Amino acid sequence: MYHPILANNQNKRLELPLWRLICFAMFCFWQMGFIYFVGPSLTLDGKTPLPISMDNVTMLIAVCYVLSISWMIFLPSAVVWTQRVATAVALLSAIGLFLPLGEGILRTLVYVQVFCCCLMIGFETFLIVNYFSERSSIFYLSAAYGVALFMIALVQNDFVPISFSLFRIVTVAALILLLIFFLGMPAGKAALPHYAKKADGLTAPKQLLFGTYALVFVGALMAVSGPAIAGEIHHGVFLTYLVNAIASFAVYLLYKKCGVHPFRLIPVCIGTGAIGFLLMFASSQVSSLAPIGCCLIGIGMMPCQMLPLYGAVVMKSHPSRYIPPIIIGLALVAVLVQGSMVEIFRASPAMLNLVYAVIMMVLAIVYLQIEPFFLFTLRRRITDEELAAEPEEVEDVETPTPAELAESIPQAPDTADPLAVLTKKEREVAELICMGHSNGDIARLLFISEQTVKSHTRKIYPKMGVHSRLELAALVSGQKSGRNK
């Protein structure tokens, strides 16, 4: 079901050069690097030259998460401006750490850093989901993130200790690059996508929506669990982030050079991460397995950093202002759950690794249940972009207008199209199934009864040689994605 609102939102999405995406990725480095220096350094003997109360830091993080979620819901048009101001304030506070100020003032500047950083955690997802094109999102979450993760690995290495003086310089440089990125981003209501309203006639694909939220929660749980487990062994955090960076670069190259979509690699990464947790479990008996386990967990963290891209897929199908806040809210719940699990298994840390391995398997199952809907939705949105494009932007097409294109595509014979064997109405039903819509949703969208939808479905399955909605989506997305590379 082609909808002009979806095409208009797609046309608003930004194609950003890699250097700007690397500037944005400095937020990841700033977040993880700064928290690393603050967290384990609670005395004057640590890397941080001030005694920092972790109770205060924890409270700040909780407050910032709530503010971030509220801000995205009620003031979405002000998010970019807020990022500009917060980054500028953080930059000034970082510069202040170089000045001969009193201990109380310096400690306050550190808390300001933590506040600004945590406030912007949710805004990173907000920008990717609302502003970035699919290509820019993938480049950011792979290549640009790889740069940031490599820097985090260097900061957290145990081979060549990084002094806090050097870290201050790098922090200032990272914040300058981050500010440059935000100053170049469009701000205001006009830059935002059109969020769906009831009058628009857009229905949320429930199977895709709830599957995505389940995937986000389990993925966020693994994202915080991996570094936490790796931190229990010598060089563990360094190895995990280093391999995570290498995996990110590999995903980028496979996508850019070979046309392999990151979604195709996620099951392999998840399985590798599960093996990593199993090796960590076995390391209680064979300690030499722990470094290998950390490396495999680093690969397993790759799907977890793709969480914003999952939200972007849903946004392309049903634009809603609540998608980024829900993702961040689920991430916060995942942090709390992970903390509770650590407390529960405090007396048996080896069992905790086994639990994490099981959760990774659950993550794989959840992902495989919605991957076909992801791939079909992405492919279909590309088609909509072609239909909405200016005539000169469409290649190898003689018809000059988008309207003529839209009329011609359904009638054009295409033996490579698996849906070509269906009637027009059956095709409409099949496409909505592949987008993750329920029978009730399809009935409302096509103005037919649910019984009629079921009747069409009974005819679609034997024609397509499938037995379920998931098989249908997998068949169509698998064959169609190859045609659109």
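The questions below take up helix pairs, then charged pairs, then loop residues.

This is a predicted model, in which local features need pLDDT of at least 70, side-chain atom pairs count only at pLDDT 80 or more, and totals for chains, interfaces and linings use all residues. Residues are numbered from 1 along each chain as its sequence is written, and side-chain values use heavy atoms, with hydrogens and water left out.

Me: At what angle do the axes of α7 and α10 cross?
Reply: Helix α7 covers residues 134-155 and helix α10 residues 236-258. Helices (H or I, at least four residues) are DSSP runs, numbered from the N terminus. Axes are lines fitted to C-alpha atoms over the stretch in contact, with angles from 0 to 180 degrees between N-to-C directions. The two axes come within 8 Å and cross at roughly 150°.

Me: Is α7 roughly parallel or roughly antiparallel to α10?
Reply: Angles under 35 degrees count as roughly parallel, over 145 as roughly antiparallel, 65 to 115 as roughly perpendicular and the rest as oblique. The crossing is at roughly 150°. That makes the pair roughly antiparallel.

Me: What is the handedness of the crossing where α7 passes α10?
Reply: A crossing is left-handed if the near helix is turned anticlockwise from the far one by less than a right angle, and right-handed if clockwise. By that rule, α7 passes α10 in a crossing that is left-handed.

Me: How many nonpolar residues does the contact of α7 with α10 have?
Reply: Contact means heavy atoms within 4.5 Å. Residues making it include Ile138, Phe139 and Phe150 of α7, and Phe238, Leu242 and Tyr252 of α10. Ala, Val, Leu, Ile, Met, Phe, Trp, Tyr, Cys and Pro count as nonpolar, Asp, Glu, Lys and Arg as charged, and the others, Gly among them, as polar. Besides 4 polar and 2 charged residues, the nonpolar count is 16.

Me: How are α4 and α8 oriented to each other?
Reply: Helix α4 (residues 79-96) packs on helix α8 (residues 164-183) with axes 9 Å apart, at an angle of about 160°. Their crossing is left-handed. The two helices are therefore roughly antiparallel.

Me: How many charged residues are in the contact of α4 with α8?
Reply: Among the residues in contact are Arg84, Leu91 and Ile95 of α4, and Leu175, Leu179 and Phe182 of α8. By class, there are 13 nonpolar and 3 polar residues, and the charged count is 1.

Me: What distance separates the C-alpha atoms of Ala250 and Gly146?
Reply: Ala250 sits in helix α10. Ala250 is partly exposed, at 35% relative accessible area (buried is under 20%, exposed over 50%, partly exposed in between; 1.4 Å probe, protein chains only). Gly146 is 104 residues away along the chain, yet the C-alpha separation is 9.3 Å.

Me: Which residue forms a salt bridge with Lys206?
Reply: A salt bridge is a side-chain nitrogen of Lys or Arg within 4 Å of a carboxyl oxygen of Asp or Glu. The whole structure has 6 of them. Lys206 lies in helix α9 and its partner in helix α18, so the pair ties together parts 235 residues apart in sequence. With closest N and O atoms 2.8 Å apart, the partner is Asp441.

Me: Which residues are joined into one network with Asp441?
Reply: Asp441 is buried, at 0% relative accessible area. Shared partners join Asp441 with Lys206 and Arg444.

Me: Is Glu426 buried or exposed?
Reply: Glu426 meets Lys463 in a salt bridge at 2.9 Å, N to O. Lys463 is partly exposed, at 40%. With a relative accessible area of 4%, Glu426 is buried.

Me: Where is His235?
Reply: His235 is not a glycine, but has a positive phi of about 70°. At 19% relative accessibility, His235 counts as buried. Its place is the loop between α9 and α10.

Me: What relative accessible area does Phe447 have?
Reply: Phe447 is in the loop between α18 and α19. Its phi is positive, near 60°, in a residue other than glycine. Phe447 is exposed, with a relative accessible area of 75%.
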